[in-house]
Amino acid sequence: MPNHAPPRNDRADASDATSTHCPYCALQCGMRLAPKGAGGGLDVVPRPEFPVNKGALCGKGQSAPALLGRATRLTEPLVRDPGSGELVPASWEEALGRIAGRLSATREEHGADACAVFGGGGLTNEKAYTLGKFARVVLGTSQIDYNGRFCMSSAAAAGKKAFGIDRGLPFPLEDIPRTGCVILVGSNPAETMPPALRYFTELKENGGTLIVIDPRRTRTAEQADLHLAPRPGTDLALALGMLHLVVTQGHTDEAFIRERTDGWEAARAGAMAHWPELVERITGVPVPQLRRAVELFCAPEHAMVLTARGPEQQAKGTDTVGAWINLCLATGRAGRPLSGYGCLTGQGNGQGGREHGQKADQLPGYRDLADPAARAHVAGVWGIDPDALPGPGRSAYELLDALGGDIKSLLLMGSNPVVSAPRAAHVEERLRALDFLAVADVVLSETAALADVVLPVTQWAEETGTLTNLEGRVLLRRQAVTAPSGVRSDLAVLGELAARLGVEKGFPADPEEVFEELRRASAGGAADYSGITYRRLAEEDGAGVFWPCPDVEVEGAGEASGRAATVGSVGSGVGAAAGGGTGAGAPREGRHPGTLHPGTPRLFLDRFATPDGRARFAAVSHRPAGEETDAEYPVVLTTGRVLAQYQSGAQTRRVPELNAAAPGPFVELHPRLAERIGVEEGEPVAVVSRRGRAVAPARITAAIRADTVFMPFHWAGEGRANTLTHPALDPVSRMPEFKVCAVRLEAARSQA
């Protein structure tokens, strides 16, 4: 539940509380951690002056200190005993020696690309940066990707195509209540990021309208002025149908299209091929509702479209997001104050995690790994020959699918693909087929339980590091407690492994030292952090700094300085309309006079980040899902999250109060569907796809479409939703199609 308290002064609390951030979602809510006293442990204290959540926290944030207890987490290395086959305690020397030895042997016998690295969207910027550097410099492998590929990669690809840059939100959350209308596509912040719901509540209180598009009538949809419930996998057709009506009803902004965009004719042709009645047949959304949505969106001067995993986790996710961006561009609702397209990034460092090198095709600063200039810059920072850098590797699912084949050894950090990957039973088989698996994690996850070596590493409150929230706000998350003896940081692990593998320098364990190098590596890139320092993040009220934030004193940052000055403005044109000033990232008057770029809370107000400054329409057309329903599998399965759990549940399933609120998986289905298969509330239901079978209790509700079932994906075992999901990949983003697959339902009691 949200928690509110009177503001407390940072300095007054400095002796007994640490200002830091929640370990979970991409809001990165501010909180303080205070010692409980003689009994030990930490209490969560509100931090109402932090602008994102203003003291409000969900149950996950409130209970986060429970993860720090010794009984909850790993505290010593584990190695697999060759005799018993069990994981047994070992020294750090033995564990690190085994990993280095096996990685070295794999490289010598099979080549560098037989070693792979898999990261996570919860790793700090420093860890993500170092992991990418370790893979490419120490191992020399191209085979690195991370679980953030499963989160917002389609939105990132579409944003890059349209605007020339990918930042989840091109404006601060504080702009949402001041716009006129928000279309929220495939997002349920009431459960996935509850403190963000207040922005939409304030939007309505200010006279704005909220349109929610979701096949379920979620807690968020219940707050909407209009709820559209399309069939899963048809969001692209819905967006095209809305753009068709925008054109036929004369709502296009011809001056904006002419002056600030390219590609309109092809996009318009695609929309005109999707007339309202056709769109109703495809989506199930009645034409009157479609018309009403267009009226509400086009009536006010300002409007926004925000997407999340619903439209993005599809085999056509990039095109789907592109179609929603088209709607913004055609109506002039982009690159202007209080308007635009944004993605509600999900993972804790989902934004920063995809900017600094753990993605298969990227180098730090959101640079393209295939770009010779980018390779030369980063290689110069790393002190290596650009030709020594490997090229782009496999995407996340393709990497996991290759385990045990071309890939013989895997180092995995901060991810649990046994639960979170599509076609999870197959991924589990591939992990078991490896010659060697090493996992660094806080807990013994389902994936760690398969490993040959498991390393216990520090977590959020036990370490300092930076993260970048969904707004592009770079934050300093501070250490509040000492890690248990026997636990080391991921940075220390990578440094020690690098030394054992022959690279003794360049992998410091100090996060600030890593960040200083990251600043230089990012300088001149799209995600330029060169003007950000630990000192600055600590001094500027803990509110963070928005990238791009170049520093002309850092070598190579001049290009970024020009880009930041042209693609974004700090409060430009927004102060009068939004009551904003220079934004949270701006330095206080008199501090570091004349030396700091203020950061960029709002992008695109002057020009877009494309070479010519013009946005690009996407030429798209609706196409079927990777797997459509048929007589054998007549129902659509969609998946998602619930309020009290998070991602694969590796952490939240270990917190008693969260488990009490959400103790296990379930199958949400419509009463008519329940009657058809003969199941009652709470009875076990088998959901069967072409990839496997999952069983969970029935949760019967009229809040979901009759042709659709929903399962949360936080659990392993019999109720693992991702046993069922389809790994069809988006051709651009390589995002798997988590949100749409064909299934059949059976009353599980009849299978006994």
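Reader: The crossing of α8 and α12 is right-handed. How are α8 and α12 oriented relative to each other?
Author: A reminder before we start: this is a predicted model. Helix α8 spans residues 235–248 and helix α12 spans residues 287–298. Their axes are 9 Å apart and the packing angle is about 65°. Angles of 65 to 115 degrees count as roughly perpendicular, so α8 and α12 are roughly perpendicular.

Reader: By class, which residues make up the contact of α8 with α12?
Author: From α8 come Leu 238, Gly 241, Met 242, Leu 245 and Val 246. They meet Leu 290, Arg 291, Ala 293, Val 294 and Cys 298 of α12. By class, that contact has one charged, one polar and eight nonpolar residues.

Reader: Next pair. Is α16 roughly parallel or roughly antiparallel to α21?
Author: Helix α16 covers residues 372–382, and helix α21 covers residues 511–522. Their axes come within 9 Å and cross at roughly 155°. An angle over 145 degrees counts as roughly antiparallel, so α16 and α21 are roughly antiparallel.

Reader: What is the handedness of that crossing, and how many residues of each class are in the contact of α16 with α21?
Author: The crossing of α16 and α21 is right-handed. On the α16 side, the contact is made by His 377, Val 378, Val 381 and Trp 382. On the α21 side, Glu 517, Arg 520 and Ala 521 take part. By class, the contact has two charged, one polar and four nonpolar residues.

Reader: Now α20. Which elements do the buried residues of α20 pack against?
Author: Helix α20, residues 490–500, is mostly covered, with eight of its eleven residues buried. Those are Asp 490, Leu 491, Ala 492, Val 493, Leu 494, Gly 495, Leu 497 and Ala 498. Their packing partners are the helices α3, α4 and α21 and the strands β16, β17 and β18.

Reader: Why is α5 described as largely enclosed by the rest of the structure, and what covers its buried residues?
Author: Nine of the eleven residues of α5 (153–163) are buried, so the helix is largely enclosed. The buried residues are Ser 153, Ser 154, Ala 155, Ala 156, Ala 157, Ala 158, Gly 159, Ala 162 and Phe 163. Their cover includes α13, α14, β13 and β24.

Reader: Which residue follows α5, with positive phi?
Author: The helix runs over residues 153–163. After α5 comes a residue with positive phi, near 90°: Gly 164.

Reader: On to the loops. Is Thr 218 buried or exposed?
Author: Thr 218 is in the loop between β9 and β10. Its relative accessible area is 3%. Buried means under 20%, so Thr 218 is buried.

Reader: Where does Gln 647 lie?
Author: Gln 647 is not a glycine, yet its phi is positive, about 45°. Its place is the loop between β25 and α25.

Reader: Which residues does the cis peptide bond join?
Author: Follow the loop between β21 and α23, where Pro 548 is placed. Omega is about 0° at the cis bond, and the pair is Trp 547 and Pro 548.

Reader: Last one. What separates the C-alpha atoms of Glu 540 and Cys 181?
Author: Glu 540 lies in the loop between α22 and β21. Glu 540 is buried, with a relative accessible area of 4%. Along the chain, Glu 540 and Cys 181 are 359 residues apart, and their C-alpha atoms are separated by 32 Å.

Notes:
Residues are numbered from 1 along each chain as its sequence is written. This is a predicted model: local features need pLDDT of at least 70, side-chain atom pairs count only at pLDDT 80 or more; totals for chains, interfaces and linings use all residues. Side-chain values use heavy atoms; hydrogens and water are left out. Axes are lines fitted to C-alpha atoms, for helices over the stretch in contact, and angles run from 0 to 180 degrees between N-to-C directions. Helices (H or I, at least four residues) and strands (E, at least two) are DSSP runs, numbered from the N terminus. Angles under 35 degrees count as roughly parallel, over 145 as roughly antiparallel, 65 to 115 as roughly perpendicular and the rest as oblique. A crossing is left-handed if the near helix is turned anticlockwise from the far one by less than a right angle, and right-handed if clockwise. Contact means heavy atoms within 4.5 Å. Ala, Val, Leu, Ile, Met, Phe, Trp, Tyr, Cys and Pro count as nonpolar, Asp, Glu, Lys and Arg as charged, and the others, Gly among them, as polar. Buried means under 20% relative accessible area, exposed over 50%, partly exposed in between (1.4 Å probe, protein chains only).
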